[in-house]
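Please look through the structure below before reading the points that follow. They are meant for someone who has not seen it before.

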Amino acid sequence: MRAVVTVVGKDKTGIIAKVSAFLAEKGVNILDISQTILQDYFAMIMLVDMSGAKDELSVLAQECSEMGKKIGMSIHLQHEEIFNAMHRV
Amino acid sequence: MFNKYDVLETINMVEKEHLDIRTITMGISLLPCVAGSADETAKKVYDRICSRAENLVKVAESLSMEYGIPIVNKRVSVTPASIICAPFAAQSAKIGKALDDAARTLGIDFLGGYSALVHKGMADYEKTFIETIPEVLATTEKLCSSINIGSSKSGINMDAVRLMGEIVKQTAELTKSRDGFGCAKLVVFCNAVEDNPFMAGAFHGVGESGTVVNVGVSGPGVVQHAIESIPEANLTELAEMIKRTAFKITRAGQLVAREAARRLGAEFGIVDLSLAPTPARGDSVAQILEEMGLERVGTHGTTACLAMLNDAVKKGGVMASSRVGGLSGAFIPVSEDIGMIEAAEKGGLCIDKLEAMTAVCSVGLDMIAIPGDTPASTISAIIADEAAIGMINNKTTAVRVIPAPGKGVGDCVNFGGLLGRAPIMPVHGESSAKFIARGGLIPAPIHSNKN
């Protein structure tokens with residue numbers, strides 16, 4: 001199963017490092033990364049593979065959100081299907 | 001890989017624009033529960049609901065986390081209770097209590113279906129059932145009631161309309177310590193639909209299968225934001241933008257509905273995309289209409305804007321899912337919409353304009369507080385007017401008015417939470433009593449005769 005991780009917030013040093021270290025620790029494999037600066041805000045989108053994940057998606061989503069609060073970013077981890085459903089005809 | 005703007009758009013819709021799955025509603029047939037006595041039936045009803053919907057709240061919470069979209073309400077709708085209460089109609093309140101108990105046990109938000117379908121005629125047992133509604137709504141918390149008094153195919157049952165005016169008054173009176181709150185849980189329909197996931201009008205039609213999952217999606221804020229993004233657009237372009245937005249929202253709803261149905265071992269019923277406002281700013285249908293270019297909702301042009309909005313929402317929804325059902329369109333409940341509340345407080349929105357608006361939106365006169373001394377016959381006449389609009393235009397219309405006991409124009413009722421607050425709106429003082437006293441059936445319109 002694949003999921004999408006989005007990280008949005010004020011740009012600062014070490015965001016990618018912290019998020020990817022966290023995901024590695026949870027057994028989540030990063031497949032693709034896209035990063036951009038939108039109106040002074042850092043926005044990173046990762047496509048990740050959950051097959052080796054240590055926790056269920058709903059648990060990891062909660063953990064990501066909490067981890068985001070610690071580093072002052074808004075982090076979401078969502079099932080990729082929501083984006084397929086909404087943005088592909 | 002996804003387009004990053006698409007991904008961020010979804011995140012923004014949830015975080016800033018109040019996109020949510022308003023409800024996952026599990027429809028449960030209670031026909032297998034009918035037994036020889038009210039007590040025995042009540043027990044079976046309680047057990048069946050508690051077993052079928054046992055995991056509803058858990059599954060909804062898990063889906064909400066996985067897809068990153070809030071699921072605001074978890075609800076159950078059941079077979080119209082008048083049918084299963086028919087053998088012991090005088091004791092229908094026992095079934096009402098069992099339904100409310102089941103809702104509490106499950107931890108769901110509402111349970112709908114203390115209902116009767118009397119659009120062509122009213123049997124003795126149905127009349128007896130309807131007469132229990134005020135007491136039942138006053139003594140239960142989560143139970144909702146709806147009555148269908150007319151349809152395009154059958155006409156309008158004016159005997160039932162007369163009775164419902166009195167029932168609405170009694171319900172208000174029995175809940176007067178809470179400004180007539182019971183009436184917020186009571187809807188009178190014309191052309192009621194069998195798969196509506198929204199309250200207070202949800203019930204599980206007898207044409208439905210055993211257990212289904214219907215999902216209601218909302219997102220007035222998302223539509224408003226989409227319109228804001230193209231301030232110079234003409235109305236054709238606006239309609240296109242609304243349609244696209246409705247498509248995306250409906251798709252999210254369909255995904256959740258399918259997955260919820262699978263996990264709950266139920267059939268996937270329908271997705272109902274209805275722009276359902278909440279009292280929060282930025283989650284308002286009135287503000288969409290104002291964004292289109294009206295200084296305040298209720299002024300000239302409101303009906304045209306609402307017609308376009310409602311139609312564009314339906315078109316986007318139909319493109320997104322072949323299982324669109326329920327009411328699908330725009331809701332205009334006055335007390336639940338900050339823009340409507342403000343317009344009503346300033347006198348810019350009256351019941352007559354709202355009635356015109358209901359001819360082009362998906363429901364009817366909804367959550368409108370009226371003076372407590374409004375005669376039952378006037379409430380019946382309001383119901384008859386709405387039913388006539390629904391009957392002639394082949395659409396669902398509904399009346400959910402609250403005659404707030406002891407209050408008059410200039411006062412306000414406050415129900416709190418999603419139900420919001422409403423200033424008391426004036427109604428016409430001239431009597432409709434003689435018209436209502438006539439009773440009988442208003443025959444179905446000529447265009448219903450299609451066979």
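**Notes on chain B**

1. The buried residues of helix 9 of chain B are B:Pro220, B:Gly221, B:Val222, B:Val223, B:Gln224, B:Ala226 and B:Ile227. Buried means under 20% relative accessible area, exposed over 50%, and partly exposed in between, with a 1.4 Å probe and protein chains only. Helices (H or I, at least four residues) and strands (E, at least two) are DSSP runs, numbered from the N terminus. Helix 9 spans residues 220-228 and is mostly covered, with seven of its nine residues buried. Its buried residues pack against helix 1 (4-15), strand 8, helix 10 (235-264), strand 9 (267-275), helix 11 (285-291) and helix 12 of chain B; contact means heavy atoms within 4.5 Å.

2. On the origin of the values: this is a predicted model, in which local features need pLDDT of at least 70 and side-chain atom pairs count only at pLDDT 80 or more, while totals for chains, interfaces and linings use all residues. Residues are numbered from 1 along each chain as its sequence is written, chains are lettered from A and ligands numbered from 1 in the order in which they are written, and side-chain values use heavy atoms, leaving out hydrogens and water.

3. How many aromatic pairs are there over all chains? The count comes to three, where rings of Phe, Tyr and Trp (its six-membered ring) pair if their centres lie within 6.5 Å, and planes under 30 degrees apart count as stacked, over 60 as edge-to-face and the rest as tilted. One of them is the tilted pair of B:Tyr114 and B:Phe129, with 4.5 Å centre to centre and 35° between the planes. B:Tyr114 lies in the loop between strand 3 (110-112) and strand 4 (116-117) of chain B and B:Phe129 in helix 6 (residues 124-131) of chain B, so the pair ties together parts that are 15 residues apart in sequence. B:Tyr114 is buried at 0% relative accessibility, and B:Phe129 is buried at 0% relative accessibility.

4. B:Phe198 and B:Phe331 form an edge-to-face aromatic pair, 5.0 Å centre to centre with 85° between the planes. This pair links distant parts of the chain, 133 residues apart: B:Phe198 is in the loop between strand 7 (186-190) and strand 8 (211-218) of chain B, and B:Phe331 in the loop between strand 10 (329-330) and helix 13 (338-345) of chain B. B:Phe198 is buried with a relative accessible area of 4%, and B:Phe331 is buried at 7% relative accessibility.

5. Some backbone angles deserve a check. Most residues other than glycine have a negative phi, and most peptide bonds are trans. A cis peptide bond joins B:Met199 and B:Ala200, with omega about 15°; B:Ala200 is in the loop between strand 7 and strand 8 of chain B. B:Asp179, not a glycine, has a positive phi of about 60°. B:Asp179 lies in the loop between helix 8 (158-174) and strand 7 of chain B and is buried at 16% relative accessibility. B:Ser328, also not a glycine, has a positive phi of about 40°. B:Ser328 lies in the loop between helix 12 (302-320) and strand 10 of chain B and is buried, with a relative accessible area of 6%.

6. B:Gly269 lies in strand 9 of chain B and is buried, with a relative accessible area of 6%. Leaving aside neighbours within four places in sequence, B:Gly269 is in contact with B:Val212, B:Val213, B:Asn214 and B:Arg323. B:Gly269 and B:Asp195 are 74 residues apart in sequence and 7.5 Å apart in space, C-alpha to C-alpha. The charged end of B:Arg323 sits over the ring of B:Phe268, 5.6 Å from its centre (NZ of Lys or CZ of Arg within 6 Å of the ring centre and within 35 degrees of the ring normal).

7. B:Ser335 is in the loop between strand 10 and helix 13 of chain B and is buried, with a relative accessible area of 1%. Not counting residues up to four places away in sequence, B:Ser335 touches several residues, including B:Pro279, B:Met367 and B:Arg421.
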